[in-house]
Amino acid sequence: GSELWDLRRRAYVIYTSGSTGRPKGVEIEHGSFLALVRWLIPAYGYVSADRGGRLAGLAFDAAIWDLWPLLVAGARLEIPDREEIRQRPDLLQRWILQRGLTKCFVATPMAEALLGLPWPEDGALRSLYTGGDRLLQRPAARLPFAVYNVYGPTECTIQATSRRVRSEGSTQRAPSIGRPIAEVGLRVQDPAGGLVPPAVAGELYLTGGRLARGYLGRPALTAERFVPHPGGEGPSGAEPGARAYRTGDLVRWLADGCLEFLGRTDHQVKVRGFRIELGEVEAVLAKHPAVTQAVALAVDGPGGARLAVFALVPESEPPSELPSELSSELVAWLQNRLPSYMVPSSLQILAALPLNSSGKIDRRALAELASEPPRSEGRPPRPGSETVLADLFEEILGVEGVSAEDDFFALGGHSLLAVQLAAGVERELGRDLPLAQILAAPTVEALAQYLDPAQREEEEEPSGRGLLVPLTDGGAGAETVAPLFLVHPVGGTVFCYRRLAELLERPVVGIQARGLDGREAPLASIDAMAELYLEQAREAHPGGPWTLGGWSLGGVVAFEMARRLRVAGEEVAPVVLIDSWLPSEGTSAGVPPEPSAEDEDRELAAFLLHLG
């Protein structure tokens with residue numbers, strides 16, 4: 001009897017995709033389902049005169065929203081007779097207008113497309129509801145209907161928060177997901193379980209009577225996601241020990257008491273050692289006037305994970321009018337607004353994003369598309385060094401069709417892969433390719449010219465020469481500006497300054513360490529580095545004036561170089577110190593104590609952790 005009653009309490013079981021690829025059945029009880037319907041009807045003003053459409057797929061829990069508020073209110077439900085109506089914005093808009101729909105729920109990607117279309121002022125539509133993904137676009141100021149952005153995981157019976165979206169121009173921030181609706185409590189907490197203050201990102205936990213029972217036949221997963229609530233503080237008002245659902249969504253409180261959705265915790269990826277929030281990249285690109293929506297992915301490849309981005313450009317822009325200049329413009333847009341490690345190695349422009357059966361963005365399809373980024377047309381490599389280099393580019397970077405003009409770094413290369421390239425050149429051609437040369441001239445053509453004895457004059461440089469690496473000339477008009485000399489950090493190379501140099505409108509010269517090629521012993525003291533680096537810099541820029549800087553160890557060396565220049569009476573600008581520090585002195589006499597073996601072990605462990 002108790003088992004039969006237990007079954008009757010379930011209103012439905014709906015399956016959602018799991019991160020492991022194994023679907024999970026979410027058990028929703030009648031009480032949770034009825035509570036939502038009772039709230040929806042008065043909150044959004046459903047009446048018998050309304051007309052709505054069943055647009056969500058039955059595998060998407062929003063289909064319940066399509067059906068039940070309308071049926072309970074005695075309103076009319078319209079069902080499209082062709083599947084393509086749900087998939088094409090122009091056909092869907094025409095169908096909505098022809099059928100006289102007054103209320104309509106559509107998944108976020110389709111809503112983004114609909115908001116970009118012109119709407120007649122005399123249409124019947126009064127409310128457009130959207131959810132299922134991050135909404136980035138705001139409605140036009142004169143849109144003849146209200147737009148509501150709603151949020152809610154399946155585990156909280158479809159909807160947990162809601163907010164009417166203000167028109168474009170009212171704020172540059174993406175639309176919030178609003179405040180909690182009836183019978184829903186919220187808690188935003190850090191990984192340690194503490195509440196986070198406003199404007200700080202944290203994971204969202206939901207409480208209240210609308211939570212699902214759990215996952216069908218999966219008690220371990222239920223215990224992992226439905227956890228005891230700490231209670232006491234926060235807006236949820238839940239008692240200690242009450243159930244809370246761990247959403248896995250990153251949010252933060254805004255000043256107006258609404259929540260901003262930032263993305264998934266499992267959409268935080270690690271690329272080349274840096275943790276990247278994909279939603280942040282998407283939000284920045286979506287602010288470009290030509291872009292309707294953006295999707296960022298981490299794609300595995302031979303060189304490790306790389307960042308790939310897709311930009312949705314309105315269909316009013318034919319593909320024939322989407323030249324490569326737009327891709328370059330969008331990459332530059334990101335470069336000017338994000339750290340270099342968040343700038344994608346590939347950016348593709350699409351007229352439409354692939355959608356799955358629930359109307360959400362099909363990230364798996366995009367991942368397959370990103371696995372083979374489009375190659376720009378260029379001159380084929382010539383036989384000899386160019387062909388060898390192009391083959392090495394393809395092997396190391398996991399790309400195809402490399403041309404003579406292709407840039408190693410633009411294709412996704414970085415310092416560690418540059419080491420592989422240098423090793424490959426030595427293996428295939430028996431020639432030494434300095435890392436500084438790859439940085440200074442990273443195209444197939446330029447590197448081949450360096451390696452070809454017929455195209456360059458061979459000479460053995462004396463010890464200590466060749467430490468200066470020109471990173472940028474600063475562009476037109478910068479020839480009258482003194483160069484900025486940036487000293488290498490601990491690793492000895494100046495790859496880390498490449499993106500910074502590109503953003504500065506002045507000449508930038510990197511100073512790399514001696515001994516990177518293994519032919520000379522590296523310098524063993526700050527004094528020795530400062531002396532040799534000044535000798536090199538004075539040869540290239542006699543008489544000054546001087547602007548010096550460096551990251552970490554490089555800042556310490558640059559500081560000593562500046563001190564020596566000042567003593568010599570030369571003009572020196574303030575030194576650019578980037579995260580630089582000096583060890584504290586151990587005694588009042590200024591002489592550090594002799595380190596113990598334990599101290600050295602601790603220092604070595606800390607250094608290796610930092611380097612990793």
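Trainee: How many bridges join β14 to strand β15 (residues 259–264)?

Mentor: There are 5 bridges, and the two strands run antiparallel. Strands here are DSSP runs of E with at least two residues, helices are runs of H or I with at least four, and both are numbered from the N terminus. This is a predicted model, in which local features need pLDDT of at least 70, and side-chain atom pairs count only at pLDDT 80 or more, while totals for chains, interfaces and linings use all residues. Residues are numbered from 1 along each chain as its sequence is written, and side-chain values use heavy atoms, leaving out hydrogens and water.

Trainee: Why are strand β11 (residues 202–207) and β14 called paired?

Mentor: Two strands pair if DSSP finds at least two bridges between them. β11 and β14 have 5 bridges, so they pair. One of the partners of β14 residues is Gly 202, which bridges to Val 251.

Trainee: What makes strand β14 (residues 243–253) largely enclosed?

Mentor: Buried means under 20% relative accessible area, exposed over 50%, and partly exposed in between (1.4 Å probe, protein chains only). In β14, 8 of the 11 residues are buried, so the rest of the structure largely encloses this strand.

Trainee: In which sense do strand β22 (residues 484–487) and strand β24 (residues 547–551) pair, parallel or antiparallel?

Mentor: They pair in the parallel sense over 4 bridges. Leu 486 stands opposite Gly 549 in β24.

Trainee: Which strands does helix α17 (residues 553–567) touch?

Mentor: Contact means heavy atoms within 4.5 Å. Helix α17 touches β22, β23, β24 and β25 as it packs on the sheet.

Note on methods:
Axes are lines fitted to C-alpha atoms, for helices over the stretch in contact, and angles run from 0 to 180 degrees between N-to-C directions.
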